[in-house]
Amino acid sequence: MVRKACTLAPNVLSAQCPTRQALDLIADKWTTLLIYLLSKGKQRYGDLHRQVGGISQKMLTQTLRKLERDGLVTRHVYPEVPPRTEYELTKLGHTLIGPLGALCEWAGTHLSELEQARKRYDHLQKKPPLSA
């Protein structure tokens with residue numbers, strides 16, 4: 001499906017606006033974690049895979065390819081035996097460090113509040129319904 005360009009101002013709420021694609025990319029959990037890791041400098045594929053718990057090799061490869069296609073990450077292949085591949089953020093990729101870093105920091109700062117809210121909600125869901 002080809003998305004139409006925004007005819008007015010960019011609007012991430014519109015399914016037809018390409019800004020939605022950009023938001024979808026950076027809202028992806030794997031993208032957030034990979035940008036976070038790559039903000040520390042070049043990383044080899046195997047190092048990224050070891051550091052991101054729960055990501056499959058297939059998902060890591062797909063996410064890195066998306067990031068490379070969108071100009072956020074560059075891939076360097078060195079002609080060695082065995083081949084060595086490193087990834088690093090581009091200038092555009094570096095612009096995401098602040099916003100995504102703030103989200104990671106927010107998650108750490110508010111984790112206990114989130115857990116408490118979940119416990120309260122789950123407790124209320126277990127109560128028997130009121131009789132009429």
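Select Arg84 and Glu86: their side chains meet in a salt bridge, with N and O 3.1 Å apart. A salt bridge here is a side-chain nitrogen of Lys or Arg within 4 Å of a carboxyl oxygen of Asp or Glu. Side chains of opposite charge can pair when their charged atoms come close. Arg84 and Glu86 are both buried. Buried means under 20% relative accessible area, exposed means over 50%, and partly exposed lies in between, using a 1.4 Å probe and protein chains only.

This is a predicted model, in which local features need pLDDT of at least 70 and side-chain atom pairs count only at pLDDT 80 or more, while totals for chains, interfaces and linings use all residues. Residues are numbered from 1 along each chain as its sequence is written, and side-chain values use heavy atoms, with hydrogens and water left out.

Glu80 is partly exposed, because its relative accessible area is 36%. Salt bridges that share partners join Glu80, Arg84 and Glu86 into one network.

Keep Arg84 and show Tyr78. The charged end of Arg84 sits over the ring of Tyr78, 3.9 Å from the ring centre. For this, NZ of Lys or CZ of Arg must be within 6 Å of the ring centre and within 35 degrees of the ring normal. How many aromatic pairs does the structure hold? The count is zero. A pair would need ring centres of Phe, Tyr or Trp (its six-membered ring) within 6.5 Å, with planes under 30 degrees apart called stacked, over 60 edge-to-face and the rest tilted.

Next, select Val81 and Pro82. The peptide bond from Val81 to Pro82 is cis, with omega near -5 degrees. Pro82 is in the loop between β2 (73-78) and β3 (84-89). Helices (H or I, at least four residues) and strands (E, at least two) are DSSP runs, numbered from the N terminus.

Go to Gln43, which is in strand β1 (residues 43-44). Is Gln43 buried or exposed? Gln43 counts as buried because its relative accessibility is 13%. Setting aside residues up to four places away in sequence, Gln43 touches Leu37, Leu38, Leu48, Gln51, Thr85, Glu86 and Tyr87. Contact means heavy atoms within 4.5 Å. Glu86 is the residue from the salt bridge with Arg84.

Move on to Asp47 and Arg50, another salt bridge, whose closest N and O atoms are 2.6 Å apart. Both residues lie in helix α3 (residues 45-51), three residues apart, about one turn of the helix. Asp47 is partly exposed because its relative accessibility is 28%, and Arg50 is exposed because its relative accessible area is 63%. The total count of salt bridges is three.

Select Thr63 in helix α4 (residues 57-69). Thr63 counts as buried because its relative accessibility is 1%. Leaving aside neighbours within four places in sequence, Thr63 is in contact with Asp28, Trp30, Thr31 and Leu34.

His94 and Ser39 are 55 residues apart in sequence, yet their C-alpha atoms are 7.1 Å apart in space. His94 is partly exposed, because its relative accessible area is 43%.

Now turn to the surface and select Val12, Leu13 and Leu23. These residues form a nonpolar patch with about 280 Å² of accessible area together. Patches are made of residues with over 30% relative accessible area and no salt bridge, with like charges joined within 9 Å and nonpolar side chains (Val, Leu, Ile, Met, Phe, Trp, Tyr) within 5 Å. Accessible areas come from the Shrake-Rupley method with a 1.4 Å probe, and for residues only the protein chains shown count as cover. Leu23 is in helix α1 (residues 19-27) and is partly exposed, because its relative accessible area is 37%.

Finally, select the whole chain. The chain has six helices and three strands, running α-α-β-α-α-β-β-α-α from the N terminus. Of its 132 residues, 22% count as buried. The chain exposes about 9900 Å², of which carbon and sulfur atoms supply 58%.
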